[in-house]
Amino acid sequence: MPASVSVLRAASALTVGALLMTIAGAHAAVAASAVPAPPSIPTQVLAPVTPSAGDEVPASTWLASLDTALSATALGSDVAGLVIDAANGKVLYSRFPNRTQQPASTIKILTAITALKAFGPDARLRTSVLSGDQAGHVVLTGGGDSTLARTDSAAAGWPAGQGAHPATLSQLAVRTAASLHKAGITSVHLDFDDSLFTGDHLAPGWKSSFVAAGVVSPVMALSADGGRTAADASSRSIDPAQSAAEYFAQRLRALGIVVSRQVTRVPAPSASPSSQTPASTSTAGPSSTVLASVDSPPMVDLVERLLTRSDDDLAEALGHLAGGKLVGSASFKGGVQATLDTLEQLGVSMKGTQLADASGLSALNELDPETFTQTLSAVVANKPFIGSSVGTMWPVASGLPIAGVTGTLADRFSTPKTLLGRGVVRAKTGTLTGVVGLAGMVRDSHGQVLIFDFDADRSPGPLAEARAAVDRAATIVATR
């Protein structure tokens with residue numbers, strides 16, 4: 001990507017602050033973006049401008065344009081949508097707003113909010129090596145960090161300039177070997193503990209082919225490179241925890257530690273996961289000693305990565321962790337309940353809402369546009385802590401892909417009818433077979449923060465045309 005992601009992220013943080021100020025009443029500061037022709041990247045995102053008097057699009061024309069965009073043949077006949085003014089909740093456009101749809105990855109917005117409400121933006125996920133119950137035994141203990149990598153490389157998935165790289169098993173091995181050598185230990189039996197997550201490893205409603213096709217990994221509390229068989233591979237391990245432990249054993253051997261040939265899954269004594277924070281989660285019993293550990297990037301980075309890249313493995317890990325923290329069950333069911341409880345606390349309407357996972361891959365998920373727009377409204381209106389300029393949920397806004405710039409929207413908004421949305425629309429994408437969705441926010445040319453959600457879960461395609469249709473609708477919202 002030719003533009004610096006670090007610069008864009010800095011602009012994103014300022015944009016979130018600007019959005020919050022707008023909600024507070026500072027409607028004089030308005031924004032739009034210069035429109036470059038693709039494949040250029042906008043040099044500014046939501047750069048401030050002064051609107052011209054009398055250039056507002058007539059309501060009837062605007063509504064008709066949205067209807068036309070959402071009536072595209074590629075979207076099919078089952079299309080729902082809603083646009084609201086974030087400042088007052090006023091409905092500006094409505095098309096079956098309470099018709100539940102399969103949301104696909106737009107559900108990650110809910111997962112991100114739940115994780116932030118559970119842990120805050122500064123929490124980190126810790127992977128540890130502990131002394132075992134028997135002499136000469138050590139236990140590699142997973143803390144739910146799905147971003148844990150084998151080695152620190154570009155293949156681990158963090159774009160240059162994002163500001164945070166994942167923890168690595170190679171680094172953990174170096175620290176562990178140093179600790180063992182210091183204690184005069186040169187030979188160990190390695191166990192691994194992935195017991196932090198409970199229940200099934202695959203969610204209800206997932207296709208049986210997902211793991212084999214490399215779509216998602218079995219959800220375990222210990223994994224490397226998202227459960228992939230190698231950092232640059234698309235294939236997934238059927239037992240990510242075992243694979244991670246075997247790689248860790250290889251690295252210890254390379255550092256002069258003799259490791260038993262058999263690496264075994266043996267949970268060590270532990271406190272209740274629900275009573276622990278991510279960084280302190282471990283299987284340490286009363287007599288166990290932490291030999292070494294590595295921490296993930298902070299939750300703010302994890303949430304931004306989750307949304308920008310639409311990372312399914314990270315979504316499920318955060319869902320499980322939130323379930324353990326909020327309802328005492330680090331499982332698919334626990335994650336779902338934690339999400340529903342969080343939405344209820346935010347005052348979000350959940351009529352007809354059904355959740356089965358945290359990533360949106362399950363065919364059993366059902367949400368409506370009203371739920372999404374109310375949830376995003378809560379993000380924009382999130383009140384800051386005392387002494388802070390933004391609230392807890394700001395990484396959700398900054399993590400949303402930017403049209404034509406970042407993540408899953410980087411290669412979209414390039415048609416003549418969507419160019420005006422480039423650099424202006426911030427939205428989470430949702431795509432499965434027959435499912436196309438887009439949920440996000442914009443500041444229109446008059447400074448109003450508008451929130452939208454468009455869903456079609458019986459789309460006959462072609463996919464490119466279906467995506468262009470919802471992109472067109474989002475562009476119409478941005479240019480209102």
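Strand E3 (126-131), strand E4 (137-141), helix H4 (169-182), strand E5 (187-193), strand E6 (258-259) and strand E7 (264-265) pack against the buried residues of H5. Those buried residues are Pro240, Ala241, Gln242, Ala244, Ala245, Tyr247, Phe248, Ala249 and Leu252. The helix covers residues 240-254 in this predicted model. Its 15 residues reach 21 Å from first to last C-alpha, close to the 21 Å expected. Tyr247 of H5 is buried, and the charged end of Arg150 sits over its ring, 5.9 Å from the centre. A further Arg, Arg480, lies over the face of Trp62, at 5.4 Å from the ring centre.

Two aromatic pairs were found in a search of the whole structure. Trp206 and Phe332 form an edge-to-face pair, with centres 5.6 Å apart and 80 degrees between the planes. This pair links distant parts of the chain. Trp206 lies in the loop between E5 and H5, and Phe332 in helix H8 (residues 332-345), 126 residues apart. Both Trp206 and Phe332 are buried. Phe452 and Phe454 have ring centres 5.4 Å apart and planes at 20 degrees, so this pair is stacked. Phe452 is buried, with a relative accessible area of 0%. Phe454 is also buried, at 0%.

The average pLDDT is 84, and 80% of the residues score at least 70. Over residues 1-55, pLDDT stays under 50. Residues 280-285 also stay under 50.

How values were computed
Residues are numbered from 1 along each chain as its sequence is written. This is a predicted model: local features need pLDDT of at least 70, side-chain atom pairs count only at pLDDT 80 or more; totals for chains, interfaces and linings use all residues. Side-chain values use heavy atoms; hydrogens and water are left out. pLDDT is the predictor's confidence in each residue, from 0 to 100. Contact means heavy atoms within 4.5 Å. Helices (H or I, at least four residues) and strands (E, at least two) are DSSP runs, numbered from the N terminus. The expected span of a helix is 1.5 Å times one less than its number of residues. Buried means under 20% relative accessible area, exposed over 50%, partly exposed in between (1.4 Å probe, protein chains only). Rings of Phe, Tyr and Trp (its six-membered ring) pair if their centres lie within 6.5 Å; planes under 30 degrees apart count as stacked, over 60 as edge-to-face and the rest as tilted. A charge sits over a ring if NZ of Lys or CZ of Arg is within 6 Å of the ring centre and within 35 degrees of the ring normal.
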